[in-house]
Amino acid sequence: MNAESTLFCNVNILDGTGAQPYRGDVLVRGNRIDRIARAGQTCIAHDLATNVVDGGGHRTLMPGLCDAHTHITWNNGTNLHATTALPIEEHLLLTIDNARTYLDCGYTMCVGAASAKERLDVVIRDSINSGRIPGPRLLASGMEIATTGADVNPSLTADGVEEIRKTVRSVCKLGVDTVKLSMSGEQITGAALNHETFFTDAEVAVAVEEASRRGARVCAHARNQHSIKLCVKHGVNIIYHASFVDEEALDMLEAAKDRVFVAPGLAWLIMTCYHASDWGITPEAAEQMGYVDELENAIESMKKMHQRGIRVLPGGDYGFAWTPHGTYAKDLEYFVDLLGFTPMETILSATKLGGEIMGDPEHLGQLREGYFADLLLVDGDPLRDITILQDRDNLLAIMKDGAFHKAPPSAEARIQRLPRFDHLRVVAA
Ligand SMILES: [Zn+2]
């Protein structure tokens, strides 16, 4: 259904500004939110819109969600290095599926955090943007860049200032939005560990210098305090994991909080610790590898960052066998249950801060007049129960750029197939 203009009436508006939800109407024209009317003050005439969607007074209309750590090319496998061996044809098809899955789950913004093959993210981003395939707004990444002996994921290897410069240039030439550096280790590798740091000051500095020159941003796998400090010092503004911090790292992050984003990737830690036995990683094995220790540290670190006003965003490293695609909204539950965020703070991290990390806070991440119409109509109130966002059936409508990816059921469909949508009526579909 192509929505030239859509009126969502009688909805609870959770606008992503931090304001409490309020009842009202929202008019979408083209790809923008045109007007918002608060119930009791004004209303919007129904004949202004080609489509009218009635929220029945209890459905929530909110901005689409952001996943800050996306691997759209990961294949739900157990071994990332096997992912690189996938033939490109099959790999492209599964990446197209993953792109659609993000949108099916209400994610309209994704920050690419390394691609398993050099051009896959870029091709998928361009295909989404041209309308050829459904998917979120995507910041495309290239393959991760690692130094010798320190590849955590499928990576390009480069050492020293000139090799890093050349590699960043070759990645940027592909048209990426983000360049990923593999700056610290990962316990599961058994070789490159989380407390080890694999980049020098000069190597980080040159990566940022070259990426900036080409309009790309740098993100990093940085689990320990040394790698975090390298990030802040040299302008790597998207920091993944950041599990281990000391006071100095916290002070540096706080001083840079207007430019730095942190995404801990909690799902990876939690699922590896407690839910990966089917793939040979028992809780005992995970503890021995150091993941329980890391998870405990990550939780404490994120609480401290949150207290200091450092921007912490959901995005859980989805796409492994035990963190499969489609389970993205589990991260929101972790923010509430483990990090002590209120449901409102969690929603803001996934919406308003999403607009900020996407680099377009004036148009993305909030439900405000003039913003892009990336909207979710939710059956219920996520502020009362954040877990309702995990069930796709609760997303009654998903709109991106003013067009329905998932249209609310038509009146006919309501009678024939979807009796649960009693109060949702489409006047003209
Ligand atoms: Zn990752």
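Me: What do the domain bounds come from, and into which domains is the protein divided?
Reply: Domain bounds come from an automatic or database domain assignment, and here the protein is divided into domain 1 (5–64 + 366–416) and domain 2 (65–357). This is a predicted model, in which local features need pLDDT of at least 70 and side-chain atom pairs count only at pLDDT 80 or more, whereas totals for chains, interfaces and linings use all residues. Residues are numbered from 1 along each chain as its sequence is written, and side-chain values use heavy atoms, with hydrogens and water left out.

Me: How do you know which residues take part in the contact of domain 1 and domain 2?
Reply: Contact means heavy atoms within 4.5 Å, and by that rule 26 residues from domain 1 and 29 residues from domain 2 take part.

Me: What makes up the area buried between domain 1 and domain 2?
Reply: Buried area is the accessible area (1.4 Å probe) that two parts lose on being put together, summed over both; for domain 1 and domain 2 this is about 2,200 Å², of which carbon and sulfur atoms give 66%. On the side of domain 1, Ile 386, Arg 392 and Lys 400 lose the most area to domain 2, together 28% of what that side buries.

Me: Why is the meeting of the side chains of Asp 401 and Arg 137 called a salt bridge?
Reply: The term asks for a side-chain nitrogen of Lys or Arg within 4 Å of a carboxyl oxygen of Asp or Glu; the N to O distance for Asp 401 and Arg 137 is 3.0 Å, so the pair qualifies. Across the interface of domain 1 and domain 2 the rule finds two salt bridges.
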